[in-house]
Amino acid sequence: MPEHFSIRNLSVSLSGTPILEQITYSVKEPGHMIALLGPNGSGKTTLLRSICGEIPHDGEIRLNGTDLSGLPPKKLASHISYIPQQSGISISMSVLDVVLMGFYSRLRLLAQPTGSMREEALRALSLVGMADFSDRDYLTLSGGEKQLVILARTLIEDTTLLLFDEPDSSLDLGNKYRMLRLISQMVHKADAPSKKSALICLHDPVLALCFCDTLLLLKNGRLIHTLHPAGDPISEMEQAFSEIYGPVRLIEISDPQFPEQKRRILLPMP
């Protein structure tokens with residue numbers, strides 16, 4: 001069996017300047033939430049854009065045995081969903097039509113979405129709390145509302161690998177956790193017809209600790225630590241985080257809803 005997802009010796013240089021150097025990481029099975037953490041300029045967004053084919057790179061990227069390099073855009077879109085910080089949509093269109101774009105890779109040239117596709121798109125909008133916005137012009141929405149609409153589009157794309165670049169960036173505190181919880185449900189859903197994994201660029205390490213199975217810490221274009229919050233010793237994680245954020249303390253707290261479960265929270269040292 002091939003590995004579910006692997007990056008081998010991925011390097012990127014722009015105008016002769018190294019941006020990423022020899023990034024290697026793999027996961028054997030789907031169903032993983034993987035956080036990318038690091039300071040500004042560490043290469044997090046460049047890594048996501050390399051995986052989805054937007055930036056030329058050296059090295060190899062495979063998904064379920066398929067080499068992603070050189071795949072035609074529509075074929076690549078059937079494997080990967082990429083959700084950037086900005087959607088890139090600059091023309092007036094309804095919120096529902098934006099979500100229906102998620103069916104692009106499954107439609108023939110000039111084919112229109114079916115009635116069942118429209119129903120599925122409306123259900124996705126309901127899941128993210130945007131059911132009443134289906135007829136609104138997407139361009140009139142706030143940044144946070146746009147993020148939720150793009151998440152609804154991702155829900156229906158039915159791809160295997162989800163790439164998120166700071167999906168929480170325009171959201172208030174409650175919606176940050178709602179967004180990550182929805183992504184977690186997509187990834188960890190046991191009875192899903194096709195198992196997924198998500199690679200998520202985050203600025204907030206507390207969100208990553210709450211929802212992600214693996215944390216990849218980048219600094220100066222290099223992968224300096226791979227952490228597993230559920231099992232790694234707290235002292236080792238504190239040392240790794242300190243290389244990114246300065247002196248920190250990691251504490252464990254109980255989830256009020258599930259007292260048997262422990263969560264780790266990162267606090268800056270005074």
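L218 has L223 of β10 as its bridge partner. The two strands, β9 (residues 214-219) and β10 (residues 222-227), are antiparallel and share five bridges; strands are DSSP runs of E with at least two residues, numbered from the N terminus, and two of them pair if DSSP finds at least two bridges between them. Two residues lie between the strands of this hairpin, where N220 has a positive phi near 55°.

## Basis of the model

The model is predicted: local features need pLDDT of at least 70, side-chain atom pairs count only at pLDDT 80 or more, and totals for chains, interfaces and linings use all residues. Residues are numbered from 1 along each chain as its sequence is written, and side-chain values use heavy atoms, with hydrogens and water left out.

## Four-stranded sheet

An open, antiparallel sheet of four strands runs in the order β2-β1-β4-β5. Its edges are β2 (17-27) and β5 (66-67); each has a single partner strand, so one side of each lacks a neighbour in the sheet. Two bridges join β4 (residues 58-63) to β5, and R62 is bridged to D67 in β5.

Helix α1 (residues 44-51; a DSSP run of H or I with at least four residues) lies across β1 (5-14), β2 and β4, at about 115° to β1. Angles run from 0 to 180 degrees between N-to-C directions of axes fitted to C-alpha atoms, for helices over the stretch in contact.

Key:
Contact = heavy atoms within 4.5 Å.
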